[in-house]
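Dear colleague,

Please find the structure below, with the sequence alongside. My notes on what was found in it follow.

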Amino acid sequence: MTTADAICAIVPPYVLDRLAEAGHEPAVHSLALDAAHRAARLVPPPPVTGAPGLDRVIHDSGHGQRLPGRTVRTEGQRASADASVNHAYDGLGATFALYADVFGRHSIDDRNLRLDASVHYGRNYDNAFWNGHQMVFGDGDNVVFGDFTACVDVIGHELTHGVTQFTAGLDYQDQPGALNESVSDVFGSLVKQYALRQGAADADWLIGAGLLAPGVQGVALRSMKAPGTAYDDPRLGKDPQPAHMRDYVDTSQDNGGVHINSGIPNHAFYLLATALGGPAWERAGRIWYDALTGGALAADADFIAFARATVAAAQARFPDDRSVADTVTASWAQVGVSPG
């Protein structure tokens, strides 16, 4: 299954499964919608190419399930009275800025793709996803999850699934799928760090900080700094992410654990970024971007193949400083992956 064929949602299915088993009705509803999205396998409409530069269109689904919904804000229009509309608009802009300013990319597809997003999808819908064409945001249930437009790293994460779709096309299954999810976490975090102008040492390295509702025992959906520690809550369970290959989870759920085992490459990137120091987008981010977009990465790449691609990217990007590639190799080794 490729990224374009999958519904790449920010909340893992095993989290919603646990909530549904406990009788949490919004989770039951959200799982049903997610299953319908996957079963439909609809071919998305062709991407809309916008004018050169940033081009955003925000739609309002009005708590229905028909996409994209009513257009409520377009590029350059003043802020809406609806905070979700503005958060989505700003998050699309922050993601565009990272890719354009740092990597010279012309929108998600590098061909001036217009950035479309729909807010207020469904009722109490506990997720946000990229459907191969646009972003879709639920409002959350305000019991376990809040508004999914409120976290810029969530927006960056989902739009990066589009970048992967248009570049390496990593299969959404097993280790390639975990890399797919990890790449989205990496660049989602970089979107947030770039917007805040944070160095690697100052970033929280959390994905979805602020998304969990008050009373939930946790800080985010995932932690790149310390996988497995983002939450430990009676309703959500304990964060299952490993940080090392010795704890790799073999499972048939979640497309082979794509949201679980992504903790391993996530942690490798965190180790690299903090070891190199400074803004993470300047060196670590460029290495990951080059590996993803360089054309040499197969869609079925496993962790070792991706690690090798990042070492090669570091050697090519920083030929006069061998220590950078050595640090990439050492960061993968610390999570039990040997680029050989």
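**Findings**

Alanine 32 sits in helix H2 (residues 25-40); helices here are DSSP runs of H or I with at least four residues, numbered from the N terminus. The model is predicted, so local features need pLDDT of at least 70 and side-chain atom pairs pLDDT 80 or more, while totals for chains, interfaces and linings use all residues. Residues are numbered from 1 along each chain as its sequence is written, and side-chain values use heavy atoms, without hydrogens or water.

Alanine 32 counts as partly exposed because its relative accessibility is 47% (buried is under 20%, exposed over 50%, partly exposed in between, with a 1.4 Å probe and protein chains only). Its C-alpha atom is separated by 39 Å from that of glutamine 198, 166 residues apart along the chain.

In helix H9 (residues 303-317), the buried residues are Phe303, Phe306, Ala307, Thr310, Val311, Ala313 and Ala314. These residues lie on the same side of H9 because they cover an arc of only 160° around the axis, taken from the directions from the helix axis to the C-beta atoms. They pack against helices H5 (174-196), H7 (263-276), H8 (284-293) and H10 (322-333), where contact means heavy atoms within 4.5 Å.

With kind regards

How values were computed:
Helices (H or I, at least four residues) and strands (E, at least two) are DSSP runs, numbered from the N terminus. The expected span of a helix is 1.5 Å times one less than its number of residues.
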